[in-house]
Amino acid sequence: MSKIKCQCGHENPYGTELCEKCGRPLSEKAKKSDIVDMRYEGSSRRSQTYKSSIVDKIWNFFSSVKIGVSIIAAVLIASAIGTIFPQKFYVPATTPEGYLEYYERLYGTVGKLYYELGFYDMYNSWWFKVLVGMLATSIIIASIDRVIPLYKSLKKQRTRRHPSFMKRQRIFGEGDVRNTKESLAKAEEKLKAMRYNVKTENGAILAEKNRFSRWGPYVNHVGLIIFISGVLLRGIPGFYVDEAMWLREGETRNIVGAPGYVLENKKFTLENYTKEEAEEVFGEALDKNGMIAKSYTTDVTLYKQDEGALPGSESLKKVKDYAINVNKPLKFDGYNVFQMDYKLDELKNMTFHLVNKSSEESLGEFTVNLSDPAKVYDLGNGSTVNMLGFYPDYDGIKDGEPYSKSPVPNNPAFIFQMNTPDKPEGEKSFVAIRQTLEVEENDYAIKFAAAETRNISGLTIRKDKTLYILLLGGLVFMIGVIQGMYWQHRRVWIQEDTEGHLLIAAHTNKNWFSLRKELDTLRETADLPAYIDRQDPELDKPEQEGDEEIWT
Amino acid sequence: MDLVTISSNLLFVSFVAYLVATLFFGGAIKKSKTEKAYHNSKWGTIGLVITIIGFLSHLGYFITRWAASGHAPLSNMFEFTTAFGMMLVGAFIMLYIIYRTPSLGLFALPVAIIIISYATMFPTEVTPLIPALQSKWLFIHVITTVIGESILAISAIAGLVFLVKNIDLTKKSKSRFWIEAVMYTLVLVLGFVVSSTTFNVMNYEAEFTYIDKDQAPAEITYHIPPLFGMNEYEAMTPEKMTPWVELPPIINAQKLSSLVWSIAIGSVLYVLLRLIARKPLAAVFQPLAKKANSQLMDEIGYRAVLIGFPVFTLGALIFAMIWAHEAWSRFWGWDPKEVWALITWLFYAAFLHLRLSKGWEGKKSAWLAVIGFVIIMFNLIAVNLIIAGLHSYA
Ligand code: HEM
């Protein structure tokens with residue numbers, strides 16, 4: 001496409017609205033308008049210039065702020081819908097039927113619909129991900145579309161602008177002053193004192209400050225893109241590990257998700273706040289709420305398997321002892337092990353007596369290790385007990401057989417065969433907590449003597465190489481927003497025109513009121529023409545209470 | 001006096017200071033014809049000084065309570081909301097120093113007063129921290145969020161001044177309806193304060209057993225007369241009022257009763273105020289807002305968002321993620337409270353884009369600022385009370 005040559009001699013790219021150098025309006029639209037659109041300096045943006053091919057259409061779609069805001073709004077609304085009912089991961093169910101049943105039972109037809117529309121797993125749904133993808137695309141395209149032309153035109157701008165540019169600024173003033181030279185000199189000095197960068201060109205001043213803040217939005221958008229990329233990387237194996245394991249006191253096991261590492265749980269402690277240590281301060285709260293937990297701690301030892309050791313062989317090297325607390329994960333080799341959950345007092349061992357029912361005499365005792373029960377217990381005096389059946393989590397009889405609903409010893413039940421010198425062929429007995437069943441009347445019985453319990457720690461193992469990327473994204477975003485929002489890009493043009501009048505114009509990308517305050521201070525020092533702000537309607541009505549004399 | 005008592009006395013002092021300062025600001029506006037005149041008005045200067053005294057006393061409350069409990073007082077609804085009120089005043093003082101505007105104080109302080117009153121309706125005793133909350137990141141995250149939110153709230157207050165001034169209240173219109181709805185909502189908060197205080201003073205208690213949503217038996221004590229009953233409730237104190245209807249298990253009938261009481265009493269209050277004033281409440285405040293410059297209010301509103309947005313991002317998203325990673329092992333869990341922080345953030349991002357690129361200034365921008373405040377309040381109040389998640393303090 002052809003370049004546009006301005007009267008001042010500068011060649012502008014096709015599509016330019018205001019000459020990059022002198023600011024003369026070039027397009028019909030700019031020539032007709034009272035106040036020119038200064039947002040991107042009237043530069044040539046691809047999206048405003050090329051509109052025919054399919055690539056142009058996609059580019060223009062994503063570079064539109066209207067579309068960008070619509071995408072933001074769509075993400076916002078979808079996120080809000082996701083909070084109406086609990087999301088999938090907070091629901092105690094595992095199967096589709098289970099979820100359906102849960103949502104229907106609690107929330108009726110609406111709940112059913114919520115499940116069926118997929119809203120119950122909103123944030124993992126494909127269309128939520130598509131929305132986020134569109135958001136990212138839009139951020140990238142919209143930024144590129146603007147930042148390059150903006151950069152070029154800010155770099156090329158000339159100090160002396162064409163009067164038609166000055167007159168089309170939102171803040172503009174024109175008039176005669178007593179001594180133009182002196183006014184310009186004073187203004188230059190004062191503007192420098194106000195930390196403007198001042199450039200002069202025979203009778204014209206361009207004062208500019210904080211141009212860097214114009215790059216803020218683009219920096220923050222880069223931060224957002226880094227962040228979103230970090231989130232995407234978690235899909236790649238090796239970047240992200242998220243596992244959970246239960247570790248009983250006394251147990252030593254391979255750490256799930258961290259090959260080569262082994263963890264021993266030495267002790268789990270739950271501590272509550274006590275009245276004494278809390279003194280008067282927390283007294284009232286403790287009375288009201290009962291117990292309040294103070295800490296959950298798992299004392300562990302971390303081991304590393306020797307390099308090259310055969311799997312299963314016990315060649316462990318101790319790495320360290322550590323007390324894992326909530327908010328204080330165990331850290332090693334990029335992994336974090338968090339204290340997430342606990343169960344108190346799980347049954348570990350149960351001890352029984354074998355007794356003669358009529359004499360109540362004991363023939364000896366034996367201990368069943370519930371996590372690894374033996375088949376036969378020899379009581380030493382010619383009596384043995386055989387374990388015929390073990391049901392760790394007994395839940396009644398199903399199909400004529402005792403039924404265990406899980407491998408966790410919550411409610412252990414056993415079928416024992418008691419072989420005694422009297423009854424060498426053996427007697428059978430079904431033993432559960434507070435319950436004994438016999439097929440026929442027995443002479444001997446198994447009596448519960450004691451139980452030993454232990455605590456279990458619920459641990460989560462995480463490795464997240466993307467965290468640093470996310471953190472970097474956050475940091476860049478913060479730099480960008482602060483850069484763009486805590487400073488404003490302001491420019492003041494003052495020049496003498498060919499007839500000897502003084503023209504003054506000013507522009508800022510935001511906070512016009514503060515700019516006007518600066519101009520008022522400037523006018524206190526230098527004799528400059530009065531100006532108007534053509535977008536403050538109240539300025540046109542000086543009779544308005546409270547507004548007169550504030551800034552002219 | 002022990003520290004806890006000193007602390008609550010200091011809070012009371014600041015409460016009174018804000019009330020008195022409001023009167024001075026009001027007086028100042030009445031006395032001076034213009035904003036400019038107000039700048040030099042003794043009334044206004046006194047108002048500002050009293051506000052600063054109140055703020056310092058409020059800060060004193062915060063520090064002494066911290067000293068007493070050993071942790072930053074930001075761990076329950078009372079503490080969080082009180083801190084929000086404090087930071088709102090702090091943000092007002094900051095913007096006052098930048099723009100020296102009078103009208104803002106007259107609207108900002110009453111909102112702060114309402115927020116503090118609201119806070120004191122929650123249990124105020126000092127509670128020890130459960131393990132998940134024992135982290136320095138908790139403090140850093142919450143305090144930054146509160147500061148960010150209160151700066152953002154100032155933009156809503158500037159928006160309110162702008163709207164009260166610029167909406168034509170003599171003609172029926174959508175804007176007139178909605179601005180009055182905002183006033184009505186503020187009165188409803190007072191209704192909540194009045195109803196809770198009344199039944200509290202009466203020492204009202206009614207106990208019930210019920211079946212919760214996991215089909216387990218549970219108990220509950222109402223401190224207000226039960227309009228609604230919990231799922232399959234049975235009264236343990238039958239001499240007290242019988243609920244009108246029983247509600248399904250997903251609804252907390254106690255909280256709903258309290259809400260309905262607040263609305264009822266708030267509405268009565270509103271009707272009384274209307275009868276006394278004989279015009280919409282917005283019209284009562286209009287003469288006070290008239291002296292504000294619209295451009296200036298618009299800019300303060302925008303400036304507050306510009307300052308508050310980065311602070312909010314840092315506190316509610318970045319620090320929140322760091323803390324969540326330490327405490328819950330994941331930096332983001334789609335917990336309702338987190339999601340609503342994200343929604344707030346997206347909303348203000350949309351606001352900034354609309355303003356910068358679509359030129360949404362003046363009324364549109366003021367309405368957006370008010371809506372933003374509604375979202376913040378929704379996250380503070382409704383998400384905690386209705387959609388309980390990990391963060392639910394109550
Ligand atoms: C959640 C996502 C986004 C966030 C947090 C965000 C953040 C920001 C911020 C803070 C600004 C500066 C605003 C100001 O200084 O007043 C900005 C400017 C801007 N954003 Fe975004 N943005 C997001 C998405 C988008 C999208 C999807 C688009 C696509 C159209 C977009 C296009 C722009 C443009 C064109 C500007 C103005 C740049 C200028 O005029 O110099 N942003 N953004």
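Reader: In this predicted model, are A:R490 and A:E518 buried or exposed?
Author: The model is predicted, not experimental. Buried here means under 20% relative accessible area. Both A:R490 and A:E518 are classed as buried.

Reader: How far apart are the closest N and O atoms of A:R490 and A:E518?
Author: Side chains of opposite charge can pair when their charged atoms come close. A:R490 and A:E518 do form a salt bridge. The closest N and O atoms are separated by 3.1 Å.

Reader: How many residues apart are A:R490 and A:E518, and which elements hold them?
Author: A:R490 belongs to strand β22 (residues 490–496) of chain A. A:E518 belongs to helix α12 (residues 512–525) of chain A. The pair links distant parts of the chain, 28 residues apart.

Reader: Which helix holds both A:E182 and A:K186?
Author: A:E182 and A:K186 form a salt bridge, with 3.4 Å between the closest N and O atoms. They are four residues apart, about one turn of the helix. That helix of chain A is α8 (residues 180–193).

Reader: Why does A:E182 count as partly exposed, and what about A:K186?
Author: Partly exposed runs between the buried limit of 20% and the exposed limit of 50%. A:E182 has a relative accessible area of 43%, so it counts as partly exposed. For A:K186, also partly exposed, the value is 37%.

Reader: Which parts of chain B does the pair B:R274 and B:E180 tie together?
Author: The side chains of B:R274 and B:E180 meet in a salt bridge, 3.5 Å from N to O. The two residues are 94 apart in sequence, so the pair ties together separate parts of chain B. B:E180 lies in helix α7 (residues 174–201), and B:R274 lies in helix α8 (residues 253–277).

Reader: Is B:E180 buried or exposed, and what is the relative accessible area of B:R274?
Author: B:E180 is buried, with a relative accessible area of 11%. B:R274 is partly exposed. The value for B:R274 is 30%.

Reader: Where does A:R170 sit, and what is its relative accessible area?
Author: A:R170 is placed in the loop between α7 (163–167) and β3 (171–175) of chain A. A:R170 is buried, because its relative accessible area is under the 20% limit. The value is 5%.

Reader: Over the ring of which residue does the charged end of A:R170 sit?
Author: The contacts of A:R170 include A:I35, A:W512 and, from chain B, B:Q295. The charged end of A:R170 lies 4.1 Å from the centre of one ring. That ring is the one of A:W512.

Reader: How many aromatic pairs are there over all chains, and at what angle are the planes of B:F25 and B:Y96?
Author: The count over all chains is 53 aromatic pairs. The ring centres of B:F25 and B:Y96 are 6.5 Å apart. The pair counts as tilted, because its planes meet at 45°.

Reader: Which helices of chain B hold B:F25 and B:Y96?
Author: Both B:F25 and B:Y96 are buried. They are 71 residues apart and link distant parts of the chain. B:F25 is in helix α1 (residues 3–31), and B:Y96 is in helix α4 (residues 77–99).

Terms used: Residues are numbered from 1 along each chain as its sequence is written. Chains are lettered from A and ligands numbered from 1 in the order in which they are written. This is a predicted model: local features need pLDDT of at least 70, side-chain atom pairs count only at pLDDT 80 or more; totals for chains, interfaces and linings use all residues. Side-chain values use heavy atoms; hydrogens and water are left out. Buried means under 20% relative accessible area, exposed over 50%, partly exposed in between (1.4 Å probe, protein chains only). Contact means heavy atoms within 4.5 Å. A salt bridge is a side-chain nitrogen of Lys or Arg within 4 Å of a carboxyl oxygen of Asp or Glu. Rings of Phe, Tyr and Trp (its six-membered ring) pair if their centres lie within 6.5 Å; planes under 30 degrees apart count as stacked, over 60 as edge-to-face and the rest as tilted. A charge sits over a ring if NZ of Lys or CZ of Arg is within 6 Å of the ring centre and within 35 degrees of the ring normal. Lists of a residue's contacts leave out its neighbours within four places in sequence.
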